[in-house]
Amino acid sequence: MLRTFAAVAFVVLAVSTLPAQDGKKATLRWYGQSFFVLETPSGKRIAFDPHAIAEFGRPIVKADIVTCSHYHGDHTQTEQIENAKAARIFQGLKPSAKKGRPPEWNTIDEKVGQVRVRTVPSFHDPDGGMTRGRNAIFVIEADGLTVCHMGDIGHDLAPETVKAIGPVDVLMIPVGGIYTINGEQARKAVAKIKPRLFALPMHYGVPGYDELLPADEFVDGVRNVKKMPDTNELVIPLDAKPADGPTFVLLGYEKKDDKK
């Protein structure tokens, strides 16, 4: 859906410039739309919602674990995972057991080595899934770091959903409206989830593509905003100390493979 490579993503500020104790750090890379790859300190790679959008260069990456929040084509392109046959792929939804019914949530809570993968049910719209179906929130725990990818969530968060997500260090959340929550709703979600370190927007309009809203509303009036247009990479030292509330950092998009 989203196009152009001039896109940006926001992340919590204070951590990116701190030295990592004993060299332990995680790296989060953004490949446009809702496609991220987290590289853990132990070297495991988790890819979220891979796409094959031409305007983002159809990135090819390596991953040990792949998560897909729902069945829409810009979130499920596992052929963009170079070693997909060897990777563990988790689908947040599954076909319904009842013929003719829409997909159901695929309840996941398991470990792949030392990486815990679990899902939290949500909807792609504010109508209980009646318009765009269901959506899975993925929560990943690895090497003492907890990250949450909200997929294409389309509604405000209920207290039970926030509780099910639990404590989070890094949050990836859509902000572009139209198909998901918008920037104002995303800010409210960030306030409820209270990520300790980072809040990264995704799935929003950028120059050359105006089908979705831009990320401006998400950061309007927000403290601790840092723009990083020259990189799609955020380094997260495991001993990082949070700022006074989450900082939103603007990541740039670069056409580069994740094969290093």
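Two strands are taken to pair if DSSP finds at least two bridges between them, and strands themselves are DSSP runs of E with at least two residues, just as helices are runs of H or I with at least four, both numbered from the N terminus. The structure is a predicted model, in which local features need pLDDT of at least 70 and side-chain atom pairs count only at pLDDT 80 or more, while totals for chains, interfaces and linings use all residues. Residues are numbered from 1 along each chain as its sequence is written, and side-chain values use heavy atoms, with hydrogens and water left out.

Strand S16 (residues 233-237) is largely enclosed by the rest of the structure, because four of its five residues are buried (under 20% relative accessible area, with exposed meaning over 50% and partly exposed in between, for a 1.4 Å probe and protein chains only).

Burial also describes Thr146, which is found in strand S12 (residues 145-149) and counts as buried at 14% relative accessibility. Leaving aside neighbours within four places in sequence, Thr146 is in contact (heavy atoms within 4.5 Å) with Val139, Ile140, Glu141, Pro167, Val168, Asp169 and Val170.

Most residues other than glycine have a negative phi, and most peptide bonds are trans. Asp49, however, has a positive phi near 45°. Asp49 sits in the loop between strand S4 (45-48) and strand S5 (65-68) and is buried, with a relative accessible area of 0%. Ile178 likewise has a positive phi, near 65°, and lies in the loop between strand S13 (170-174) and helix H2 (183-193). Ile178 is partly exposed, at a relative accessible area of 49%.

Turning to the aromatic side chains, a search of the whole structure finds five aromatic pairs. Rings of Phe, Tyr and Trp (its six-membered ring) pair if their centres lie within 6.5 Å, and planes under 30 degrees apart count as stacked, over 60 as edge-to-face and the rest as tilted. The pair of Trp30 and Phe36 is tilted, because the planes stand at 35°, with the ring centres 6.4 Å apart. Trp30 and Phe36 are both buried. Phe218 and Phe248 form an edge-to-face pair, with 5.0 Å from centre to centre and 90° between the planes. Phe218 lies in helix H3 (residues 216-219) and Phe248 in strand S17 (residues 248-252), so this pair ties together parts that are 30 residues apart in sequence. Phe218 and Phe248 are buried as well. Ring pairs also link Trp30, Phe36 and Tyr204 into a cluster.

Finally, the charged end of Arg134 sits over the ring of Trp105, 4.2 Å from its centre; this term applies if NZ of Lys or CZ of Arg is within 6 Å of the ring centre and within 35 degrees of the ring normal.
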